[in-house]
Amino acid sequence: MSDVGEEVVEGVNKGLRNLWRQEADLHQPKTGSYYPSMIGACLRKQYYAYSIGEVPDDGALAIFATGRGVHDAVADALDNSGVLKVEAREVEVSLPFGEAVLHGRIDLVVASLRGEKIAIEVKSTSRIPEEPFEHQVLQLQTYLHATGLGKGVLLYWDKRHGAKKGFVIEKERLSLEKLEHRVGALHKSLVSKEPPPREAFLENRLWECRYCSFLSTCKPFQIEGLETGPIAVYDLDNTLLDSRDRLRRSLRDIGLSEDTDLKRLSAEDRKRFWGIYLSEKHLGLDKPIGQYVEKLCSHSRNNVVIVTGRPERLRAATEQQLGRLNIPFRAMVMRRDDEYLSDRQVKLNWVENLLLTGYTVEECVSSYRDFMDAAKILSEKYRTGSTGSS
Ligand code: SF4
């Protein structure tokens, strides 16, 4: 019977949970002693991990186990490389800051290369970044300051394609000050029982929020004054507002004809075009589209959320524009200023953020059929995957 397959999967999940419990029993979180591997992550998340306790789900445990497996593979490979000599695979570190300390037994390879000892921190990833992630650099800096080593390598291992890339990180004083500040802030919050600000959310590290085990406690995507419940999602450009004149004028401004196909713009023209189109310069050319505005105005629940690919820097101008046009809404969610995803993806990510928070999307209105269809599939997934209630 196919149940045998399910039993094997359940066996793996159970085993991972048991291993995690054994580890957790040995290392109970204690106020005053913080984890070097966590200190670069959102401070509020760490606060919850200490004050509420963290029970990772099966997916997180599997990802953690994969990371460990890659770490061991790297250590084995280096051991047999004849290039570096592995001196330690796990290291106990302690870095005191006043009444608090960063302390833990960590997966870290210490190897010697041409007589020099270096620390190697391994990260398994699905995409190798252009630059190392800041919170991971901070983690390695903790190890360098705690072990006294002067140099480390942050080694990324692409688990999908097998590519690898190492970033050299030199020990630096500035990071030590940053660590001291973070440890102090976390300790103060725990002692005073006051959660720190929603760091990952405020710094636009929304991916960190989406995978955070405390998302439902922290609720960073919650709309002020609107507890979970049904919302109506409305698209903005070319749904509530006809933005075609703005588009045409922006093309003219860069010396192109009004009917230029945007897909054919050179990289330089594209940059100039979007710089003008997504600015206040021609916002006044937008006109309301009657059928959608009337539909929006017919909502009596004051639960309309406008989802737009416009960047945050246009928030004030957009709010004024909607005010002038008498288009009411409860909240508006926008593209981050440093976000370069497609319009569709930005809007879908926001729909998912709202669903993750517990809202149900009772209606999604857009002139873009593919966006509406994708939003509907997402809504259905969350509706059936959570409580099962409608
Ligand atoms: S949801 Fe985001 S801001 Fe809140 S604790 Fe988690 S990572 Fe931090």
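The following paragraphs lead the reader through the structure, from the whole chain to single residues.

This is a predicted model, in which local features need pLDDT of at least 70, side-chain atom pairs count only at pLDDT 80 or more, and totals for chains, interfaces and linings use all residues. Residues are numbered from 1 along each chain as its sequence is written.

The chain contains 14 helices and twelve strands; helices (H or I, at least four residues) and strands (E, at least two) are DSSP runs, numbered from the N terminus. Along its principal axes, the C-alpha trace spans about 70 × 55 × 50 Å. Of the 390 residues in the chain, 27% are buried. A residue is called buried if 20 or more other C-beta atoms lie within 10 Å of its own, exposed if 12 or fewer, and partly exposed in between, with C-beta atoms placed from the backbone. Two residues are in contact if their C-beta atoms, placed from the backbone, lie within 7 Å. Among contacts between residues at least 6 apart in sequence, 73% join residues at least 24 apart.

The domain assignment divides the chain into domain 1 (25–218) and domain 2 (230–243 + 286–385); such bounds come from an automatic or database domain assignment. The C-alpha centres of domain 1 and domain 2 are 37 Å apart.

Helix 1 (residues 3–26) has 24 residues and reaches 35 Å from its first C-alpha to its last, close to the 34 Å expected at 1.5 Å a residue. The expected span of a helix is 1.5 Å times one less than its number of residues. Helix 1 is hardly covered, since the count of buried residues among its 24 residues is zero.

Helix 3 (residues 58–79) has 22 residues, which at 1.5 Å a residue should span 32 Å; its end C-alpha atoms are 32 Å apart, in agreement with this value. The buried residues of helix 3 are His-71, Val-74 and Ala-75. These residues cover an arc of only 95° around the axis, which puts them on the same side of helix 3; the arc is that of the directions from the helix axis to the C-beta atoms. An α-helix has 3.6 residues a turn, so residues three or four places apart point the same way. On the other side of helix 3, Gly-59, Thr-66, Gly-69 and Asp-76 are exposed. The buried residues of helix 3 pack against strand 2 (85–97), strand 3 (100–113), strand 4 (116–125) and strand 5 (151–158). Phe-64 also belongs to helix 3, and Phe-64 counts as partly exposed because it has 15 C-beta neighbours inside 10 Å. Although Phe-64 and Leu-16 are 48 residues apart in sequence, they are 9.6 Å apart in space, C-alpha to C-alpha.

Val-109 is found in strand 3 and is buried, because 25 other C-beta atoms lie within 10 Å. Leaving aside neighbours within four places in sequence, Val-109 is in contact with Val-74, Ala-75, Leu-78, Val-86, Arg-89 and Ile-120. Leu-154 lies in strand 5 and counts as buried because it has 21 C-beta neighbours inside 10 Å. Not counting residues up to four places away in sequence, Leu-154 touches several residues, including Glu-121, Lys-123, Val-137 and Phe-167.

Most residues other than glycine have a negative phi. Arg-114, although not a glycine, has a positive phi of about 45°. Arg-114 is placed in the loop between strand 3 and strand 4, and it is exposed, with 6 other C-beta atoms within 10 Å. Lys-193, also not a glycine, has a positive phi of about 60°. Lys-193 is placed in the loop between helix 5 (173–192) and helix 6, and it is exposed, with 8 other C-beta atoms within 10 Å.

The last topic is the ligand. Of the 15 residues around the ligand, Cys-42, Arg-198, Cys-209, Cys-212 and Cys-218 come nearest; a residue is near a molecule if its C-beta atom, placed from the backbone, lies within 6 Å of it. The elements that give two or more residues to this shell are helix 2 (43–51), helix 6 (199–202), helix 7 (206–210) and helix 8 (215–218). The residues of the shell divide into ten nonpolar, no polar and five charged. Here Ala, Val, Leu, Ile, Met, Phe, Trp, Tyr, Cys and Pro count as nonpolar, Asp, Glu, Lys and Arg as charged, and the others, Gly among them, as polar.
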